[in-house]
Amino acid sequence: MSKGFLASFEGPEGAGKTSVLETLLPILEEKGVEVLTTREPGGVLIGEKIREVILDPSHMQMDPKTELLLYIASRRQHLVEKVLPALEDGKLVIMDRFIDSSVAYQGFGRGLDIDAIDWLNHFATDGLKPDLTLYFDIEVEEGLARIAANSDREVNRLDLEGLDL
């Protein structure tokens, strides 16, 4: 059994992670690389249902710890159903967000304990870490302006929090 390679794309909203991924994917496939692309939260049915709860603008009262636990639950199910089998099959797995996003958003953004977030991530992933993380750096204001300019994009609960988060 060959082990695959796990890469995560991280960065603030509007940084271009999805655009780069859409450009990179055909190049990798043309070179014969077996690639699985996926996103967090989501990626599998249960994860997508959790994503709907997290991002629903009618849930503005969501407690930060509840939010974190929902992300962690989605992450675990996603790994078990989709990511780990692809890695076991020797595929390149590219994830649009992974564990660093929990530290950034729920840790620094929400003020939750970083050690607790690290423990929960370790518990949910059995210690799995990306082989490579690419961080897309952009000023938050510019990223939010890109999102606002994209009329096709939904506005979710986190977008409504703006610069505070």
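In the predicted model, aspartate 131 forms a salt bridge with lysine 3, with the closest N and O atoms 3.6 Å apart. This pair links distant parts of the chain, 128 residues apart: aspartate 131 belongs to the loop between α5 (114-125) and β4, and lysine 3 to the segment before β1. Aspartate 131 has a relative accessibility of 40% and therefore counts as partly exposed, whereas lysine 3, at 60%, counts as exposed.

A search of the whole structure finds 6 salt bridges. Among them is the pair formed by glutamate 48 and arginine 39, whose closest N and O atoms are 2.7 Å apart. Glutamate 48 is partly exposed at 24% relative accessibility, and arginine 39 is likewise classed as partly exposed, with a relative accessible area of 34%. A salt bridge also connects arginine 75 to glutamate 40, the closest N and O atoms being 2.7 Å apart. Here, too, distant parts of the chain are linked, since arginine 75 lies in helix α3 and glutamate 40 in the loop between β2 and α2 (45-55), 35 residues apart. Both arginine 75 and glutamate 40 are buried.

The strands are arranged as an open sheet of 4 members in the order β2-β3-β1-β4, with parallel pairing. Strands β2 (35-39) and β4 (132-135) stand at the edges; each has a single partner strand, so one side of each is left without a neighbour in the sheet. From one strand to the next, the twist averages 20 degrees. Strand β1 (residues 5-10) runs parallel to β3 and is joined to it by 5 bridges. Within this pairing, phenylalanine 9 has aspartate 96 of β3 as its bridge partner. Helix α3 packs on the sheet, where it touches β1, β2 and β3, and its direction makes about 160 degrees with that of β2.

The largest nonpolar core comprises 11 residues: Leu6, Leu36, Leu79, Val83, Ala86, Leu87, Val93, Met95, Phe98, Ile99 and Leu128. At least two residues of this core come from each of α3 (64-88) and β3 (92-96), and α3 gives the most, with 4 residues. Apart from this core lies another, of 10 residues, including Ala15, Leu28, Ile94 and Phe136. In general, nonpolar side chains tend to be buried together in soluble globular proteins.

Within the largest core, Ile99 can be examined individually. When neighbours within four places in sequence are left aside, isoleucine 99 is in contact with Glu10, Arg75, Asn121, Thr125, Leu128, Lys129 and Pro130. One of these contacts, Arg75, is the residue that forms the salt bridge with glutamate 40.

Note on methods:
Residues numbered from 1 in each chain as written. Predicted model: local features only at pLDDT ≥ 70, side-chain atom pairs only at ≥ 80, totals over all residues. Heavy atoms only, no water. Core = buried A, V, L, I, M, F, W, Y, C linked by side-chain atoms within 4.5 Å. Buried < 20%, exposed > 50% of the residue type's maximum accessible area, 1.4 Å probe, protein only. Contact = heavy atoms within 4.5 Å. Pairing = 2+ DSSP bridges. Axes fitted to C-alpha atoms, helices over the stretch in contact; angles between N-to-C directions. Salt bridge = Lys/Arg side-chain N within 4 Å of Asp/Glu carboxyl O.
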